[in-house]
Protein chains: 2
Amino acid sequence: MNNNLIYGKNPVCEALEKNPKRINKIYIQDGVSFDNRLKKIVELAKYNKIQIQYVNLQKFQKEFEQKVNFQGVVASVASVELISLEDFLSQEKIGYKRLVVLDEISDPHNLGAIIRTIAAVGFDGIMVPNHRSCPINATVEKISSGAINHIQIIKTTSLSASIDLLKKQNFWVIATQMAAKDNYYEIDYTDMNFALVMGSEGKGISKTILNKADFTVKLESNFESLNVSNATAVILYEALRQIRTKEKLNSK
Amino acid sequence: MNNNLIYGKNPVCEALEKNPKRINKIYIQDGVSFDNRLKKIVELAKYNKIQIQYVNLQKFQKEFEQKVNFQGVVASVASVELISLEDFLSQEKIGYKRLVVLDEISDPHNLGAIIRTIAAVGFDGIMVPNHRSCPINATVEKISSGAINHIQIIKTTSLSASIDLLKKQNFWVIATQMAAKDNYYEIDYTDMNFALVMGSEGKGISKTILNKADFTVKLESNFESLNVSNATAVILYEALRQIRTKEKLNSK
């Protein structure tokens, strides 16, 4: 986490104004005086739903090394460019767009492995919420083997509103759920823009998102539910299998 | 690694005679005097291809806490029962047997995740070599979410000889390789006993094993090769999809 940091009130404020989506989290030292600039930082962070963590002096110094004058404010930023859903949707593309949406995945190893799989199947990107989700940090980048630079990373302040927007823009929303009636291989992935929503291993997908889904699908298991990165790989490769099989049929 | 340890010459010697497959590794303190019992331990370990690590006094004491008289010898053992391929093959079963064979997978996270997937699809077990492979330790058990107790774990001193034995016993050997001609979904998994061989991410499957394979299959990727636990999940779930699809057809 020690790479990709922005130090000081003015630089953090500027980053918040210019590219808020890139900011994972803001750290403020306990007891630092709240001048107008710091008030503005807190305001902009709240507006953009960026988490603020207050840290005591000792931890603050240990974490960020008091080498520079950073005025009690540090922002950690993503090492890759993050885009908005609107930007993603406005991009021209021949053929379908295929997305993975992660609902509260907090483990960087899973996030990195999922990004690697999306690059492997050649799909478009991933959408993660600003809140209650793993930040796009150095661990994610490492685990993804650099795949993070090969797909689009979309950040959203409201997963629910973004799902609504996707549906309006002709995307089909597929959610995974242990209790679903259909198996993941019983739907046709070849002929649509889709957003595959994966939930956390413990909690699954939130009810609000589940209710918006056009399809819910399950992965059969004789044991517990699969690890989320394995489950994502299984479904994405099934989609690719169907796409390749159809292409082969059409080329005959 | 501090659970599942056997201390002292006689206990280690006994474990080597009675259940050598359970032993992951033997630690011997540098400079300890080689009496007949220790010589016997080294001999039996070599015979069973169990790794011996010589450790200096300081590290030895730090690692194993000098609370008991362990005479400079400690063995780490698996927390689950390991069986031989002969035992596995002699077990009666109605229907086909399906195995995953791991060629030099050293990461306990991958090994644990693969064991969890095998339990999820309800296949029979996993075979790992004694040498150059991750021991079945507490990390593997934890990552597998306890799935380690739901499948059979086969240990072998020679992967190559074990593959030969499997083929003699009517198993088809499927190896994964980036350069393979066929995609993993282009073979029929439903009508055979099979052993799916997965190699390490860096090195792949050794040439000796590749040459023995009845099928080699690939997973298409636009990026690097997939993480080995994700790749295993994709192939095993494709096998399960084919099995379920056939069952559904037959029941009509």
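Predicted model: local features only at pLDDT ≥ 70, side-chain atom pairs only at ≥ 80, totals over all residues.
Leaving aside its neighbours within four places in sequence, A:Val197 is in contact with A:Val101, A:Asp103, A:Val173, A:Ile174, A:Ala175, A:Ile205, A:Ile209 and A:Ala213.

**Two helices of chain A**

Helix H5 of chain A, residues 108-121, packs against helix H9 of chain A, residues 228-251, at an angle of about 10°, and their axes lie 9 Å apart. Because angles under 35 degrees count as roughly parallel, H5(A) and H9(A) are described as roughly parallel to each other. On the H5(A) side the contact is made by A:Asn110, A:Ala113, A:Ile114, A:Thr117, A:Ile118 and A:Val121, while H9(A) contributes A:Val228, A:Ser229, A:Thr232, A:Ala233, A:Leu236, A:Tyr237 and A:Leu240. Sorted by class, the contact of H5(A) with H9(A) has nine nonpolar and four polar residues, and no charged residues.

**Where chain A meets chain B**

In the contact between the two chains, 24 residues of chain A touch 24 residues of chain B. The helices H5 and H9 of chain A each supply at least two residues of the side of chain A that touches chain B, and the largest share of that side, seven residues, comes from H9(A). The classes on the two contact surfaces described so far are set out below.

| H5(A) with H9(A) | nine residues | four residues | no residues |

**A sheet in chain B**

Chain B holds an open sheet of four strands in the order S1-S4-S2-S3, with mixed pairing. Strand S1 (5-7) and strand S3 (51-55) of chain B stand at the edges, and each has a single partner strand, so one side of each is left without a neighbour in the sheet. On average, and with direction ignored, neighbouring strands of this sheet are turned by 25° against each other. Within the sheet, strand S2 (residues 23-29) of chain B and strand S4 (residues 73-77) of chain B run antiparallel and are joined by five bridges; B:Ile26 has B:Ala75 as its bridge partner in S4(B). Helix H1 of chain B, residues 9-18, packs on the sheet and touches S1, S2 and S4 of chain B, with a direction that makes about 40° with that of S4(B).

Notes
Residues numbered from 1 in each chain as written. Chains lettered and ligands numbered in written order. Axes fitted to C-alpha atoms, helices over the stretch in contact; angles between N-to-C directions. Parallel < 35°, antiparallel > 145°, perpendicular 65-115°, else oblique. Contact = placed C-beta atoms within 7 Å. Nonpolar A, V, L, I, M, F, W, Y, C, P; charged D, E, K, R; others polar. Pairing = 2+ DSSP bridges.
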